[in-house]
Amino acid sequence: MPLQVISHLEIQINKLGFKYINKGERGFFMKVGFAGFAHSHSISMYNYVNSSEELELGGVFESDPQIKEQLKERGIEVTHESLEALLSEKDIDIIAVGPYFAERGKTIIASLKAGKHVIVDKPVCTKLCEIEE
């Protein structure tokens with residue numbers, strides 16, 4: 001399946017049929033990594049993944065110290081200290097992108113270059129050069 005950039009979050013997982021991809025040896029359907037929690041809908045997506053029988057949490061990255069503290073208070077563990085570390089995880093299939101708007105474009109581009117599917121809400125990016133790339 002080709003890589004896809006998707007606008008909107010949790011409703012897209014089932015619409016695109018991700019639940020039918022990669023079932024097999026790993027014992028689950030898809031593994032989701034989270035890159036950023038600057039907006040509350042990322043928490044909703046995280047909760048959706050954790051409650052799903054068809055998805056598994058693959059890891060969490062957040063660079064903002066204040067948001068890291070908020071995640072800790074909510075019981076969400078930041079498992080990766082860099083985006084690169086999260087993207088290097090071979091068994092993560094999808095990256096849920098949720099950093100500040102100015103960071104989204106480069107996060108999406110890096111995720112796609114790493115061979116990951118991407119789930120992101122709008123705006124996808126804030127620079128025209130990111131759209132072209």
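The expected span of a helix is 1.5 Å times one less than its number of residues. Helices here are DSSP runs of H or I with at least four residues, strands are runs of E with at least two, and both are numbered from the N terminus. Helix α5 covers residues 101-113, and its 13 residues should span 18 Å at 1.5 Å a residue; the end C-alpha atoms lie 19 Å apart, which agrees.

The model is a predicted one, in which local features need pLDDT of at least 70 and side-chain atom pairs count only at pLDDT 80 or more, while totals for chains, interfaces and linings use all residues. Residues are numbered from 1 along each chain as its sequence is written, and side-chain values use heavy atoms, with hydrogens and water left out.

Within α5, the buried residues are Arg104, Gly105, Thr107, Ile108, Ile109 and Ser111. Buried means under 20% relative accessible area, exposed means over 50%, and partly exposed lies in between, with a 1.4 Å probe and protein chains only. Just after α5, Gly115 has a positive phi of about 85°.

The loop between α3 (65-73) and α4 holds His80. His80 is buried, because its relative accessible area is 8%. Its side chain makes a polar contact of 2.7 Å with the side chain of Thr79, and another of 3.0 Å with the side chain of Glu89. A polar contact is a pair of N or O atoms within 3.5 Å; within protein, one must be able to donate a hydrogen and the other to accept it, and residues adjacent in sequence count only if both atoms are side-chain atoms. Beyond its neighbours within four places in sequence, His80 is in contact (heavy atoms within 4.5 Å) with residues including Gly58, Phe61, Leu86 and Glu89.

Gly58 also has a C-alpha atom 9.9 Å from that of Lys90, 32 residues away along the chain. Lys90 sits in the loop between α4 (83-87) and β4 (94-97). Lys90 is exposed, because its relative accessible area is 79%.

There are three aromatic pairs in the structure. Rings of Phe, Tyr and Trp (its six-membered ring) pair if their centres lie within 6.5 Å; planes under 30 degrees apart count as stacked, over 60 as edge-to-face and the rest as tilted. Phe34 and Phe37 have ring centres 5.6 Å apart and planes at 25°, so this pair is stacked. For Phe37 and Tyr46 the centres are 6.1 Å apart and the planes stand at 70°, so that pair is edge-to-face. Phe34 and Phe37 are both buried, and Tyr46 is buried with a relative accessible area of 9%.
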